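Hi everyone, thanks for coming. Let me put the structure up, and then we'll walk through a few spots together.

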Amino acid sequence: MRTSSGNAIGVNSGFDFLAALKEAGMAAGVALALSFTIIGMRTTGQQGGLGVEFRWNAVAIAVVLVFIGRFLLVLWRQRAKPLASADRDRMMDRVGAMVQHWSKYLGAALFAGAVAIPLIWSDNRYVVDVSTLVLTYIMLGWGLNIVVGLAGLLDLGYVAFYAVGAYSYALIALHFGWSFWICLPLAGILAASFGVLLGFPVLRLRGDYLAIVTLGFGEIIRIILLNWYSFTKGPDGLSGIPRPSFFGLEFTRSPDDGVTAFHEFFNIEYSSVHRVIFLYYIILALALLTNFFTLRIRKLPVGRAWEALREDEIACRSLGINPTNTKLTAFAIGAMFAGFAGSFFATRQGFISPESFNFGESAVILAIVVLGGMGSQVGVVLAAVVLIGGTELFRELALYRMLAFGILMVAIMVWRPRGLLAHREPTLLLGSATERTGGDR
Amino acid sequence: MTMLSVAGVHTFYGNIEALRGVDIEVGEGEIVTLIGANGAGKSTLLMTICGNPAAARGQIAFAGENITAMPTFEIVRRGIAQSPEGRRIFPRMSVLENLQMGATTAPPEHFGADLEQAFTLFPILKARKDQRAGTLSGGEQQMLAIARALMSRPRLLLLDEPSLGLAPLVVRQIFDTLKRINAEQGMTIFLVEQNAYHALKLAHRGYVMVNGRITLSGSGADLLAMPEVRAAYLEGGH
Ligand SMILES: Nc1ncnc2c1ncn2[C@@H]1O[C@H](COP(=O)(O)OP(=O)(O)OP(=O)(O)O)[C@@H](O)[C@H]1O
Ligand SMILES: [Mg+2]
């Protein structure tokens, strides 16, 4: 009886209201169950302990919103001819292939844009600062891409190597007064050694197990940094970390005796933006280094072995590949780039504390790699711009930033489960075509 | 000269004893085949020769060297190539990249010539060289698996059911190619097969495995003539 009336309405107007109501009711029920405690109760500090404040009207609003939203969504779905997911996938694959095809030009355009940003916005410190941040994450994404995207090792503790790089630079620079340009490779080497140290015992583990152990390692590093007060100043962090110089030229208004300042040398007005721009170009260079390294190594036997290992470890072994060593190099190289990025972070901030290296950072970097499309270099750029630049734009709406972040993630998962650009081109081509850049950019 | 000798090898998967004392010899330049029912332990023997899983007891020697306890990649570097059960090509990589992976342990200066030779043996692979290996047909994938194994310039080629799931014509083609590799390059081949008739026709010698033990052995022609072999492995097929 009920269904027939539902059908009757459905036939007349093209909508099946009953089904939509049913679904909306179900969604509202779930929303009620979830928001009952999460939204409906709030602990408040009262005299003599904690109290609970009830906010039933907020719960009601949430439930009603979910009900209406779901109802409209279902109706819209009934009306809109759904693009079959296979069609959608094929379309995105074509987009991916096209991006890959144009990657040479796209890469050049992105590069030119990146070089131009501080020149165009030289008086807008905010833009350069955000771009620097985005570039840092692009570099971290590219570094992690070697481990996760190419070698297929799920590393949830990547931030540990970032931290090792940052603290290495800060401690060496503070204790020995060495310059950034000497410390940078040292920090990279130290981070890589940590990568080997961690990798050696754990790379026998597969998939989920590896993920959990790396997650633990990330936390261990952070907790050591937090508690080894005599060495790392614990939660107080390290401050006064030296800034890098431009071939010996300092970025200060009034340099010490015997040191020339940047603005004096070039005979220009002192501006604090000079250093910001200089830092921007440093991270741009570091990020490009990471990118070119990845593009190169993908064509070398070891890079190809990483990809093969991700596909079939048993086959790799029976082809004479030593899986442990191969994974270890991926791990160490990924860690090295995190170390570089870490020292940059330290020198840019001038202050670091363990707070900057929590699991959330690892998660964001991993999200950039996964959402960008594992193994795709352009994908990492897109994902970093969207995730980091996007959340930065939403900073005004501080409360809703994480919400937007979450919605974005869910949208990508639904629409593009394999990542934005998950198209892979062969890295080896025969004959004259060998010279063509085959890799993703 | 004995290329491969397997003596009294036992292999376990947990508590399951898959090989219960296997003895096999493969001489240089020979084609030797191993036939047996499903679950007899044929694939396990090939895997054990490559050290994964390692033999629990017994000894495996390759060209006189004891390789029983070596890790797989070390064994392979000594000149054993395997085209494993289920082919195990790299599906997301191109045909060419798969072949390059096969050449991992070979000296790089031979790559061009070896590639040319692989394409001569399997011309279809040349036409498909930039295609993703996962999109090849079953027969093409099998050819790729064999070609990839050959790219390492092995002295001993281990093949696990190269005829599985292939049309008779393609089976014939692959077996002809194996014969050619053996005749022209003197390649030693140890072949596991369900297709007993073709395998025994091709091979110089053969072994029959039942429940992790070798029960019969002899020349290919002799085995083909044995009533118990005919009853168990050939009726219906031929
Ligand atoms: N990884 C494994 N873990 C546990 N048991 C296994 C494993 N691999 C094989 N076995 C068991 O070992 C026995 C031998 O298996 P094997 O794969 O060697 O058989 P086979 O002779 O190659 O059979 P087929 O002709 O069907 O390929 C079987 O009983 C199988 O169930
Ligand atoms: Mg088998």
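At what angle do helix α6 (residues 125–150) of chain A and α15(A) pack, and how far apart are their axes? The angle is about 165° and the axes are 7 Å apart. Angles here run from 0 to 180 degrees between N-to-C directions, with axes fitted to C-alpha atoms, for helices over the stretch in contact. So α6(A) is roughly antiparallel to α15(A), a label for angles over 145 degrees.

Some housekeeping: this is a predicted model, where local features need pLDDT of at least 70, side-chain atom pairs count only at pLDDT 80 or more, and totals for chains, interfaces and linings use all residues. Residues are numbered from 1 along each chain as its sequence is written, chains are lettered from A and ligands numbered from 1 in the order written, and side-chain values use heavy atoms, without hydrogens or water.

Back to α15(A), residues 323–349: its axis also comes within 10 Å of that of α13(A), residues 301–311, crossing at roughly 110°. That makes the two roughly perpendicular, meaning 65 to 115 degrees. In contact (heavy atoms within 4.5 Å) are, among them, A:Trp306 of α13(A) and A:Ile333 of α15(A).

Now over to chain B. The magnesium ion, ligand 2, has B:Ser43 (OG) and B:Glu85 (OE) as protein donors, at 1.9 to 2.2 Å; donors are N, O and S atoms within 2.8 Å of the metal, or 3.2 Å for Na, K and Ca. These two sit 42 residues apart, B:Ser43 in helix α1 and B:Glu85 in a loop. B:Ser43 is buried at 16% relative accessible area, while B:Glu85 is partly exposed at 42%; buried means under 20%, exposed over 50%, partly exposed in between, with a 1.4 Å probe and protein chains only.

Technical notes:
Helices (H or I, at least four residues) and strands (E, at least two) are DSSP runs, numbered from the N terminus. Angles under 35 degrees count as roughly parallel, over 145 as roughly antiparallel, 65 to 115 as roughly perpendicular and the rest as oblique.
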